[in-house]
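Welcome, and thank you for taking a look. Please keep the viewer open beside the text as you read.

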Amino acid sequence: MKHRALLFVLFAAALGCVQLAPAAETLLIRNGRIITMKPGDAPFIGYLATGADGKIIAVAEGEPPAGMKADHVIDAGGKFIAPGFISAHSHLFTSPLRGLGHTETLYGWGRANQRLNQHANAEDVYWFALHGSLDFLRNGITTAYDFSISPAVGGQAVGVGEKVPGPVLRPGPFEENQIRAKADAGLRFIDSVSLPRVGTREEILARLEKVLAYAKENYGSNPLFLKMAISGGLQRAPTKETAFLEAYVMKTYGLMNQSHFLESPERVPEQQEKFYWYAEAGALGPNFIFGHFIQTNPDILRIAAKSGASMSWQPMSNSRLGSGVADIPLYRAFGLKVGVGLDDQSCTDLSDPFLNLRIGLALIRTKYKDAKALSVYDMLYLHTLGSAETLQIADKVGSLEPGKFADFLVVDPMDPDTGPVHDPIAHYVLACGLRNLKQVYVGGKLVADGTHLLTQDEAVVRREVDTRMARLEAAAAALDEKK
Ligand SMILES: [Zn+2]
C-alpha cells in the first residue's frame, strides 16, 4: 500500500469510518493424496497451496518448494484431498421436508410438499434455504445450482396439463431471501428463479429485473455468488408461449435456463411434444440444461445434443421417486454434456454425494448389466468438473487447478479404516463415505470440521426451522379439515 493511502486508512479507521478487514489467510497442505480431476491427472501424493484471494496458487506432486510459506501449514497424513462436489440441480429450501410422500411418484410427492410449502412466507424460506445450504456444505457439496421457491402459490399445476386456478403471489422478498441464505451459509451458488405466470408479460419481466438487480447490487462482488439463472417451467405450462418467454429472457438478460423436463414416466407423449416447443422458440443451446431428462427418444437426444444443450442427472431422487433411469452412456455417446445433482433434499432425503455416486453407478451398471457401462472415474467427474462444465463455471470450480477457487474436501480413508488403498479413485468413490469426510474448505476457508459447521450457529437455525415448520403444519392441518 502506498504511504499516503495507508495514512488515510489509519486516519479514517481512527475516526471509525473504515473497518480494517482482517487479512485473508493462506494455506499450505502437504502430504495429501490429491485427486485433482483435471483431465489427464492421475492421483498423486503432493501439496496444495491457496492464496489470500481464496484461490489455488499451486497444486503439485511431492514436497512443496523450500521457500513456500503460508499462514497455516497442514500435514494431511496421506488423506484424500479432492474437489468439493457440485450439485448441478438442487432445491435447498426443501431441506426441512424430508421423508414426505415416500410412497408417491413425482406428482404425488409434489403434492405432499406443497401441502406445507404453500403456507411458507419469505422469512420461512430464508431459514429453510439456510438449513439446506449448511447441510450441503457439511456433506462436501461446495457449489450448488439452486432453484429458489417462487412466491407464487395456487397456480402451479402439479401434473402435466392439470387445470388449477390462477396463481397468486405471496408478499415479501422470497427470491432475495434465498440468495441471502446461500451467501450467509458460505455456499458457492448459482441462483435460479422461476417466472411465475402472474400478471402481464411486463410485470413478469419487472419482477425478474428486480431480483437480478438485488443480486448484482448485494452480491455482485461476492465470490460465492456465481450467477443468476432461470428455472424453466414449460413442463407444467399449458401453451408454447412459456417457451418463447423463456427464450426471450435467456437472450435479453444473458441467463442460463435449467428446465425440469421429461422426468416423470407419466403422460410421456404429452411431455415429449413440449420439447419441440423449446426447439421452435429457439431456447436450446449451451445455456440450456434439461433437468432429469429421463423419458427421451433418439430424435430429442439428437436435437438437444446438436444445439449444445446439456442435462442434469439426479440418481438418488430418480430412484426414490421411481422416475426411471436416464440412459447416461447413451446421452454421452450423443455428445450431450451431463452434470449430477442432489435435487430436492425432500426426495433425496440425505444429500450425500458419495451415496449419489454409488447409486448412479448402480443404476447404470444394472441397466446395462455391464460393470464397464460407467466407470468410477467418470461418475466422479460428472459430480465435479462435469457439472461445472454444464453450468459453465469450469473456469472457477470443479477441479483442483491453479487459478480456481480452493473448494476442496479432506477425506480420511483410515477413519473409520477402510483398508489399504489399491486404486485411489475406486477407493474414494466406492469405499469412502460421509463418515470419512473430515474437513470442507470453500475458497481456502474451513467451513465444516467433521460434522461441525463454522459459518452459522446451527442451534439457532434449527430453532427457527422447528418453530416455522410447526406453524406450517398447523396451517396445513387446518386446511385439511376444511376440505
Ligand atoms: Zn428438481
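This is a predicted model: local features need pLDDT of at least 70, side-chain atom pairs count only at pLDDT 80 or more; totals for chains, interfaces and linings use all residues.

The report below goes from the domains to the core, the sheets and a few local details.

Where the domains meet, 19 residues of domain 1 and 20 residues of domain 2 take part in the contact. On the domain 1 side, the elements that supply two or more residues are helix 15 (424-431), strand 18 (437-442) and strand 19 (445-449). Helix 15 contributes the most to that side, with four residues. What kinds of residues make up the side of domain 1 that touches domain 2? There are 15 nonpolar residues, three polar ones and one charged one.

As a general background, nonpolar side chains in soluble globular proteins tend to be buried together. Here, the largest nonpolar core holds 113 residues, and Leu48, Ile81 and Leu137 have the most contacts inside it. Helix 3 (residues 122-138) provides the largest share of this core, nine residues. Both domains are represented, since the core draws at least three residues from each of domain 1 and domain 2.

Setting aside neighbours within four places in sequence, isoleucine 81 is in contact with Ile29, Gly32, Arg33, Ile34, Leu48, Ala76, Phe408 and Val410.

Next comes an open sheet of nine strands, paired in parallel and ordered 15-14-13-12-11-10-7-6-16.

Strand 2 (residues 44-50) is mostly covered, with five of its seven residues buried. Strand 2 also has pairing partners to look at. Six bridges link strand 1 (residues 27-34) to strand 2 in an antiparallel arrangement, and leucine 27 stands opposite threonine 50 in strand 2.

Strand 2 is also joined to strand 3 (residues 56-61), again antiparallel, by five bridges. In that pairing, glycine 46 has glutamate 61 in strand 3 as its bridge partner. Strand 2 and strand 3 form a hairpin with five residues between the strands, and there glycine 54 takes a positive phi near 80°.

## Backbone details in the loops

Two residues in the loop between strand 12 and helix 7 (268-281) deserve a look: leucine 262 and arginine 267. Leucine 262 has a positive phi of about 50° although it is not a glycine. Arginine 267 also has a positive phi, near 45°, in a residue other than glycine.

Is leucine 262 buried or exposed? Leucine 262 counts as buried, because it has 25 C-beta neighbours inside 10 Å, and the cut-off for buried is 20 or more. Arginine 267 has 13 other C-beta atoms within 10 Å, so it is partly exposed.

A further detail is found at proline 416, in the loop between strand 17 (408-411) and helix 15. The peptide bond that leads from aspartate 415 to proline 416 is cis, with omega near -5°.

## A pair apart in sequence

Finally, have a look at alanine 362, which belongs to helix 12 (residues 353-368). With 14 C-beta neighbours inside 10 Å, alanine 362 counts as partly exposed. Alanine 362 and proline 315 are separated by 47 residues in sequence, and their C-alpha atoms are 9.3 Å apart in space.

Methods. Residues are numbered from 1 along each chain as its sequence is written. Two residues are in contact if their C-beta atoms, placed from the backbone, lie within 7 Å. Ala, Val, Leu, Ile, Met, Phe, Trp, Tyr, Cys and Pro count as nonpolar, Asp, Glu, Lys and Arg as charged, and the others, Gly among them, as polar. A nonpolar core is a set of buried Ala, Val, Leu, Ile, Met, Phe, Trp, Tyr and Cys residues joined through C-beta atoms within 7 Å. A residue is buried if 20 or more other C-beta atoms lie within 10 Å of its own, exposed if 12 or fewer, and partly exposed in between; C-beta atoms are placed from the backbone. Domain bounds come from an automatic or database domain assignment. Two strands pair if DSSP finds at least two bridges between them.
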